[in-house]
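Hi,

Here is the structure I said I'd pass on.

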Amino acid sequence: MAPMTAVGEEMHALVERMYPLCRSITGDGVRATLEIVDEYVPLRVHEVPTGTQVLDWTVPQEWNIRDAYIADASGKRVVDFAASSLHVLGYSVPVSRTMPLSELRAHLHTLPEHPGWVPYRTSYYKPEWGFCLAQETLDALPEGEYEVRVDSTLADGHLTYAEHVVPGQVADEVIVSCHVCHPSLANDNLAGVAVAVFLARALAAEKPYYTYRFIFAPGTIGAITWLARNAERIDRVKHGLVLACAGDSGHLTYKRSRRGDAEIDRVLRHVLTASERPHRVTEFTPYGYDERQYCSPGFDLGVGSLSRTPYAGYPEYHTSADNPDFVSPEAMADTLAVCREAFSVLDRNRRYVNLSPYGEPQLGRRGLYDSLGGRSDAKQAQMAMLWVLSLSDGEHGLLDVAERSGLPFDTVAAAADALRDAGLIKA
């Protein structure tokens, strides 16, 4: 894979390319986004018909939009969907009317505390129409008549999601999930999509132990649809990670799974601590992104969430200020690096059994001490072997060894490889 600096620039370019598209929980904007992703990693796209029962939910009608605007008496568009997909209330029903500003105000959404920003608002499950605009734009509008038009369709169609699978040595799976339903918002969640894409490419080059399934789906209803359609094979999912808000300048934040002590929780905590990156590890709450669906008690999957500044934790969240300038190549590259480090640990975190458990086996006659000659970390490597032998009881994994010994995980894993090759332990 290219150096991380170059990869960061590529991810940022991907964010910029996807940014103008009008995405929602259904529709052609999602399809267009997945077509772009498919150029980077091959996708299997799924179309689920309107009306399909998915757990306690029903797949809604499909929404598509072609144009929308508010025009003054001269015909000038004072709010224009063509300038930003955020200008229209998501899932707006069609409207074509002329009305006074006094009546129009009830359908306008602004952020008075940030007068130059446009908010992101939706009305998925209640028929409504509306526009989002900057408060300073609204303040400048004179009283009078305005032409209001939303050229949209809300009709039976499909919900669209996609998967990309990186085959592993075993059928057991790690899922990586990111939502693709937000329109022109860079950090939430185009940065997460970009990191997922380049993570998939990196894993494919490494021939991983686990099979990695990447899920690109609309938030909430998309994850629920995936779970409903995969309930019979859900026991294959051993670990998972939701990626969101992956590109801002904040420190990394890991949100534990509902279990709180799942293997993915321990791995992310270990990797973040060992890297000495500034970070936070937070407890699970049933609010946020799709980890709450994967962790719902009926499934109770070991799925955590990795972000930088978390859900709703920055002023730019769900506003026009969350644009490509708000995310950086460096931040996305750092998020990607942590994901790769974490999955490297997860892939190698085996439990071993000591095949010579009565007393300490003689390492020297097996050439294990000799193989360390001249290494500056020879003492550390020797201690790692002794720790692996001591804890290879079928109950402790290599992460247990690293945490109990205080040794780097890579050193512990290398020691286990040497001991396995010498016939002293087996998985």
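**Pockets, cavities and the domain contact**

Sorted by class, the residues lining the largest pocket are 11 nonpolar, seven polar and three charged. For the classes, Ala, Val, Leu, Ile, Met, Phe, Trp, Tyr, Cys and Pro go under nonpolar, Asp, Glu, Lys and Arg under charged, and the others, Gly among them, under polar.

Two things on the source before going on. This is a predicted model, where local features need pLDDT of at least 70 and side-chain atom pairs count only at pLDDT 80 or more, while totals for chains, interfaces and linings use all residues. Residues are numbered from 1 along each chain as its sequence is written, and side-chain values use heavy atoms, with hydrogens and water left out.

Back to that pocket: the space in the largest pocket is about 420 Å³. Its lining has 21 residues, and Tyr124, His182, Gly219, Thr220 and Arg292 lie nearest the centre. At least three lining residues come from each of domain 1 (4–60 + 158–347) and domain 2 (62–155). The second largest pocket holds about 270 Å³. There, 14 residues form the lining, with His270, Ala274, Val345, Phe409 and Asp410 closest to the centre.

You'll want the criteria: on a 1 Å grid over the protein atoms alone, a pocket is an open set of points with protein on both sides within 12 Å along at least five of seven lines, a cavity is a set where a 1.4 Å probe fits but cannot get out, and lining residues have an atom within 4 Å of a point. Points are joined across faces, edges and corners, and a volume is the space filled by probe spheres set on them.

As for cavities, the whole structure has two of 30 Å³ or more. The largest cavity has about 60 Å³ of space, and its lining includes Cys22, Arg23, Trp63, Tyr120 and Cys181. That lining also takes at least three residues from each of domain 1 and domain 2, and its classes are seven nonpolar, four polar and one charged. The second largest cavity comes to about 30 Å³; among the residues lining it are Arg23, His179, Cys181 and Asp188.

Now the domains. The assignment (bounds from an automatic or database source) also gives domain 3, at 351–426. Over C-alpha atoms, the centres of domain 1 and domain 2 are 31 Å apart. Their contact (heavy atoms within 4.5 Å) uses 25 residues from domain 1 and 18 residues from domain 2.

How much area is buried between domain 1 and domain 2? About 1700 Å², with carbon and sulfur atoms giving 60%; this is accessible area (1.4 Å probe) lost on putting the two parts together, summed over both. On the domain 1 side, Cys22, Ile25 and Ser320 lose the most area to domain 2, together 25% of what that side buries.

There is one salt bridge between domain 1 and domain 2 (a side-chain nitrogen of Lys or Arg within 4 Å of a carboxyl oxygen of Asp or Glu). Arg31 and Glu62 pair through their side chains in a salt bridge, at 2.9 Å from N to O.

Cheers
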